[in-house]
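Have a look at the model below, then try each task before you read its solution.

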Amino acid sequence: MDTGTLLLAATPLGDARDASARLVDALGSADVIAAEDTRRVRALASALGVTPGGKVVSYYEAVESARLPMLLDALRAGRDVLLVTDAGMPSVSDPGYRLVTACVAERLPVTCLPGPSAVTTALAVSGLPSDRFCFEGFPPRKSGERRRWFGRLVAEDRTCVFFEAPHRLADTLVDAVEVLGGQRRAAVCRELTKTYEEIRRGSLAELAAWAAEGVRGEITVVLGGAEPVATDPAQLVAQVEERAAEGVRLKDAVAEVAELAGVRKKELYDAVLEARR
């Protein structure tokens, strides 16, 4: 018996008219629809004028592992499984990775119905360089961990895209200013493709001041890359000491910071010892 195919399908970020014709066909023909939110996929199908043709099951982070055996059984039995998330592309900070890797391990067919992605949409409208970029998911929730997370982007010369919850955006931008500097260019994209879409472009300091008043909606942040500069090891001592205070061995802390900043470990180690005298 031929196996079924796992169909990863991008769904509209907000405007149902962005749905592809292939997504419309798949919603009506797939044997199983695994959805991050079953109510949302039914609402999307209704907006597109299509009736789901197969069984609709929930597939969100908390149930991913539990749902795997059932979905794999369906694929083995020759049934096609359509995987959709609330908006954008499955597996990009959304459920999907575990199912894809399980299918790859069993050599079950996997294909993609391409379409909207908040990552590339925000990048395109940001006004920042798009020839090279990286995606960093969500920043850590705690300020200390978040600052260390930004510390890894100090010398990153590619444009960086990340997501953030609206109620944490203000604090995140304040941490970004403290670690990366207030002049770093960025854009905050809110409610992409929706009625109240808003694109704010400016320096991190300007964006932090704007976000302090409170922001609502789905947020995607685009951060400009670092300008190439010669880094003085003495300027990195505080980052080393912060890691050392958390229990990281001094040599390990020096090695980590030196690699991120692109300086020689010995020069940074000597700078730390000099500062301690």
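Predicted model: local features only at pLDDT ≥ 70, side-chain atom pairs only at ≥ 80, totals over all residues.

**Exercise 1. How do H3 and H4 lie relative to each other, and which residues make their contact?**

Step 1: find the angle. Helix H3 (residues 64-76) packs against H4 at about 40 degrees, and their axes are 10 Å apart. Angles under 35 degrees would count as roughly parallel, and 65 to 115 as roughly perpendicular, so the class left for this pair is oblique.

Step 2: H3 and H4 cross in a right-handed way.

Step 3: list the partners. H3 brings Glu64, Ser65, Leu68, Leu71, Leu72 and Leu75, while H4 brings Arg98, Leu99, Ala102 and Cys103.

Step 4: sort them by class. This contact of H3 with H4 holds seven nonpolar residues, one polar and two charged.

**Exercise 2. Work out the arrangement of H7 and H8, and describe the residues where they meet.**

Solution. Step 1: helix H7 (residues 169-180) and helix H8 (residues 204-211) have axes that come within 9 Å and cross at roughly 155 degrees.

Step 1: compare with the cut-off. Angles over 145 count as roughly antiparallel, and H7 and H8 are therefore roughly antiparallel to each other. Their crossing is left-handed.

Step 2: name the residues. From H7 come Leu169, Ala170, Leu173, Val174, Ala176, Val177 and Leu180; they meet Leu204, Ala205, Leu207, Ala208, Trp210 and Ala211 of H8.

Step 3: classify. The contact of H7 with H8 has 13 nonpolar residues, no polar and no charged.

**Exercise 3. Is H9 oblique or roughly antiparallel to H10?**

Solution. Step 1: helix H9 (residues 237-245) and helix H10 (residues 250-261) pack at about 140 degrees, with their axes 9 Å apart.

Step 1: roughly antiparallel needs an angle over 145, so H9 is oblique to H10. H9 passes H10 in a right-handed crossing.

Step 2: the contact uses Gln239, Val240, Arg243 and Ala244 of H9, together with Leu250, Ala253, Val254, Glu256, Val257 and Leu260 of H10. Sorted by class, the contact of H9 with H10 has seven nonpolar, one polar and two charged residues.

**Exercise 4. Which residues lie closest to the centre of the largest pocket, and which helix gives the most to its lining?**

Solution. Step 1: the largest pocket has a volume of about 1,100 Å³. Among its 44 lining residues, Glu36, Asp86, Ala87, Asp94 and Glu218 are the closest to its centre.

Step 1: look at the elements. At least two lining residues each come from helix H2 (38-47), helix H4 (97-105), helix H5 (118-126), strand E7 (159-164) and strand E10 (219-223). H2 gives the most, with five residues.

Step 2: sort the lining of the largest pocket by class, and you get 23 nonpolar, nine polar and 12 charged residues.

Technical notes
Residues numbered from 1 in each chain as written. Heavy atoms only, no water. 1 Å grid on protein atoms, 1.4 Å probe; cavity = no way out; pocket = protein on both sides within 12 Å on 5 of 7 lines; lining within 4 Å. Points joined across faces, edges and corners; volume = space filled by probe spheres on them. Helix = DSSP H or I, 4+ residues; strand = E, 2+ residues; numbered from the N terminus. Nonpolar A, V, L, I, M, F, W, Y, C, P; charged D, E, K, R; others polar. Axes fitted to C-alpha atoms, helices over the stretch in contact; angles between N-to-C directions. Left-handed = near helix turned anticlockwise from the far one by under 90°. Contact = heavy atoms within 4.5 Å.
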